[in-house]
Amino acid sequence: MQTICPDELDYYILSGNPNSMAPSYLHKAIKEFWESEWTKIFQKIDSGFRLDVDDFYRQSRITAIVHHGQVLGIQTLCDYRLADVFTHRYFQPYTREFIEELISRNFKTLQAMQYFLVGEKYGVRATGLNLAAVILGLSFNQQKYFGFDATVTLARKDVASASTAAKFNMFQVGADIQMHNVPVGQLLCLEPSRHPRAEVASM
């Protein structure tokens, strides 16, 4: 086991825009991690799919946990207004039931969590830390900090993504959908709760 001390971890929030004020080396390292790790995932579940780098650059915020310069895990976040559910391509996979749920609640602003992952070498067994819970918890902190009415996401059901998100009060609206040959839950969070097993309280 490669035990990692929480005090040695850094948490970064960057813009997806490569021309932002973020250090170029850090933005490049996170993008390369995103591209490498997600390419591996899609090779396993949907070998014909190709990542579009514009999906990375369009994100409002790119978050990453870094250990001595090594990216361990990431979560991208995109900000939307309620009107975007009718026009933005991100919302196209969601069912009508889910979209109607958002409309019925009259949300003004939404935060969408996307591209969540911990590197395959940095899981709990390898590091002694539940980095997935840490990343999600810090992402939900942004819902509160920036004042979003809700957080939405499409989470895989064949791995622990959906069940981990549920520990923060995310709940499913409507039936599972199929994306990239795997079942995906349409999840919504109104008021996130703290994951009781998160090892890192703040970074």
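A salt bridge is counted here where a side-chain nitrogen of Lys or Arg lies within 4 Å of a carboxyl oxygen of Asp or Glu. The model is predicted, so local features need pLDDT of at least 70 and side-chain atom pairs count only at pLDDT 80 or more, whereas totals for chains, interfaces and linings use all residues. Residues are numbered from 1 along each chain as its sequence is written, and side-chain values use heavy atoms, with hydrogens and water left out.

Under the salt-bridge criterion the structure holds 12 salt bridges. One of them joins Lys31 to Glu35, with the closest N and O atoms 3.2 Å apart. Both residues belong to helix α1, where they are 4 residues apart, about one turn of the helix. Helices (H or I, at least four residues) and strands (E, at least two) are DSSP runs, numbered from the N terminus. The two partners differ in exposure class, for which buried means under 20% relative accessible area, exposed over 50%, and partly exposed in between, with a 1.4 Å probe and protein chains only. Lys31 is buried at a relative accessible area of 16%, while Glu35 is partly exposed at 34%.

Asp55 pairs with Arg58 at 2.9 Å between the closest N and O atoms; Asp55 is buried, with a relative accessible area of 10%, and Arg58 is partly exposed at 24%. In the salt bridge between Asp158 and Arg156, the closest N and O atoms are 2.7 Å apart. Here the acidic residue, Asp158, is partly exposed at 38%, and Arg156 is buried at 18%.

Rings of Phe, Tyr and Trp (its six-membered ring) pair if their centres lie within 6.5 Å; planes under 30 degrees apart count as stacked, over 60 as edge-to-face and the rest as tilted. By this rule there are 15 aromatic pairs. One of them, Trp38 with Phe42, is tilted, with 5.5 Å from centre to centre and 35° between the planes. These two residues are 4 residues apart in helix α1 (residues 24-45), and therefore about one helical turn separates them. Both Trp38 and Phe42 are buried. They belong to one aromatic cluster together with Trp34, Phe49, Phe56, Tyr57 and Tyr115.

Tyr115 has its place in strand β4. Its phi is near 50°, a positive value in a residue other than glycine, and at 14% relative accessibility Tyr115 counts as buried. His68 likewise has phi near 50°, again a positive value in a residue other than glycine. However, His68 lies in the loop between β2 (61-67) and β3, and at 63% relative accessibility it counts as exposed.

The strand pairing can be followed from β5. Two strands pair if DSSP finds at least two bridges between them. Strand β4 (residues 109-118) pairs with β5 in the parallel sense over 4 bridges, and Leu110 has Ala150 as its bridge partner in β5. Strand β8 (residues 182-189) runs antiparallel to β5, and 6 bridges join them; Gln186 in β8 is the bridge partner of Leu154. Strand β5 itself (residues 150-156) is mostly covered, with 6 of its 7 residues buried.

The nonpolar interior is described by cores, each a set of buried Ala, Val, Leu, Ile, Met, Phe, Trp, Tyr and Cys residues joined through side-chain atoms within 4.5 Å. The largest nonpolar core has 24 residues, and those with the most contacts inside it include Leu9, Ile65 and Phe140. Among the elements that each supply at least two of its residues are β1 (9-14), β3 (70-81) and α5 (131-146). Helix α5 gives the most to this core, with 7 residues. A second, separate core of 19 residues includes Leu14, Ile30, Trp34 and Phe42.

The largest pocket has a volume of about 1300 Å³. On a 1 Å grid over the protein atoms alone, a pocket is an open set of points where a 1.4 Å probe fits, with protein on both sides within 12 Å along at least five of seven lines; lining residues have an atom within 4 Å of a point. Grid points are joined across faces, edges and corners, and the volume is the space filled by probe spheres set on the points. Of the 45 lining residues, Trp38, Tyr115, Phe116, Arg156 and Ser161 lie nearest the centre of the largest pocket. Helix α1 provides the largest share of the lining, 7 residues.
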